[in-house]
Amino acid sequence: MGRDARRAAVRALDALARSDEWRDRADAGHGLAAFAEMPEAVGPLLRLVAGDTLVTRHTVQSLLRRMDGAGMSVVASAMAVADARHGDWIHTAVLDVFGIHATDRDEALRVCEGLTRDADARVAEGARRPAEDLARIDPVLHPVRRGEEG
């Protein structure tokens with residue numbers, strides 16, 4: 001039942017993503033991000049990221065907080081086709097999620113750099129800008145190195 005239940009959840013969230021209410025669409029983006037590894041979730045996620053900018057930011061934050069290639073791949077695909085306004089909101093979401101912990105930023109940069117070599121040209125192209133954004137972030141918290149403790 002697991003795979004069928006997951007497909008049903010994606011279908012329900014896709015229906016919510018088509019709502020006229022921005023709150024519904026933002027909730028759908030958050031929920032769909034949990035299913036980003038499923039091909040049937042990618043289309044609805046990309047539609048949400050290309051929609052109104054608050055939903056863009058919220059959905060991208062949820063995708064990035066997965067801290068994995070599936071979420072970053074959807075963000076990279078969205079970035080490849082984003083207009084300047086949506087690109088700015090994607091950039092803002094990257095800063096929101098990765099501006100605190102250096103270890104999270106470093107891992108995201110490794111994932112993003114790997115995606116720049118993806119077989120899907122749209123993912124590869126789209127991953128370049130978040131990789132550049134990540135490389136410029138100076139997070140607030142860095143790991144304590146041996147000998148530097150308080």
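Basis of the entries. I am reading a predicted model, in which local features need pLDDT of at least 70 and side-chain atom pairs count only at pLDDT 80 or more, while totals for chains, interfaces and linings use all residues. Residues are numbered from 1 along each chain as its sequence is written, and side-chain values use heavy atoms, with hydrogens and water left out.

Cavity. I looked for cavities (sets of points on a 1 Å grid over the protein atoms alone where a 1.4 Å probe fits but cannot get out). The structure holds one of 30 Å³ or more. The largest cavity has about 50 Å³ of space, a volume being the space filled by probe spheres set on the points, which are joined across faces, edges and corners. I list its lining (residues with an atom within 4 Å of a point) as Leu 64, Met 67, Asp 68, Met 72, Phe 98, Glu 107, Ala 108 and Val 111. Helix α7 (residues 102-115) gives the largest share of this lining, three residues; helices are DSSP runs of H or I, at least four residues, numbered from the N terminus.

α1 with α2. I next took the axes, which are lines fitted to C-alpha atoms over the stretch in contact, with angles from 0 to 180 degrees between N-to-C directions. Those of α1 and helix α2 (residues 22-33) come within 8 Å and cross at roughly 150°. That makes α1 roughly antiparallel to α2 (over 145 degrees).

α1 with α3. Helix α1 (residues 2-17) and helix α3 (residues 39-49) pack at about 20°, with axes 10 Å apart. The two are therefore roughly parallel (under 35 degrees). I noted contact (heavy atoms within 4.5 Å) from Arg 3, Arg 7, Val 10, Asp 14 and Ala 17 of α1 and from Glu 40, Ala 41, Pro 44, Arg 47 and Leu 48 of α3. These residues divide into five nonpolar, no polar and five charged.

α3 with α5. The axes of α3 and helix α5 (residues 69-81) come within 10 Å and cross at roughly 50°. I list Val 42, Leu 45, Leu 46 and Val 49 of α3 against Val 74, Ser 77 and Ala 78 of α5. This contact has six nonpolar, one polar and no charged residues.

Definitions and conventions: Angles under 35 degrees count as roughly parallel, over 145 as roughly antiparallel, 65 to 115 as roughly perpendicular and the rest as oblique. Ala, Val, Leu, Ile, Met, Phe, Trp, Tyr, Cys and Pro count as nonpolar, Asp, Glu, Lys and Arg as charged, and the others, Gly among them, as polar. On a 1 Å grid over the protein atoms alone, a cavity is a set of points where a 1.4 Å probe fits but cannot get out, and a pocket is an open set with protein on both sides within 12 Å along at least five of seven lines; lining residues have an atom within 4 Å of a point.
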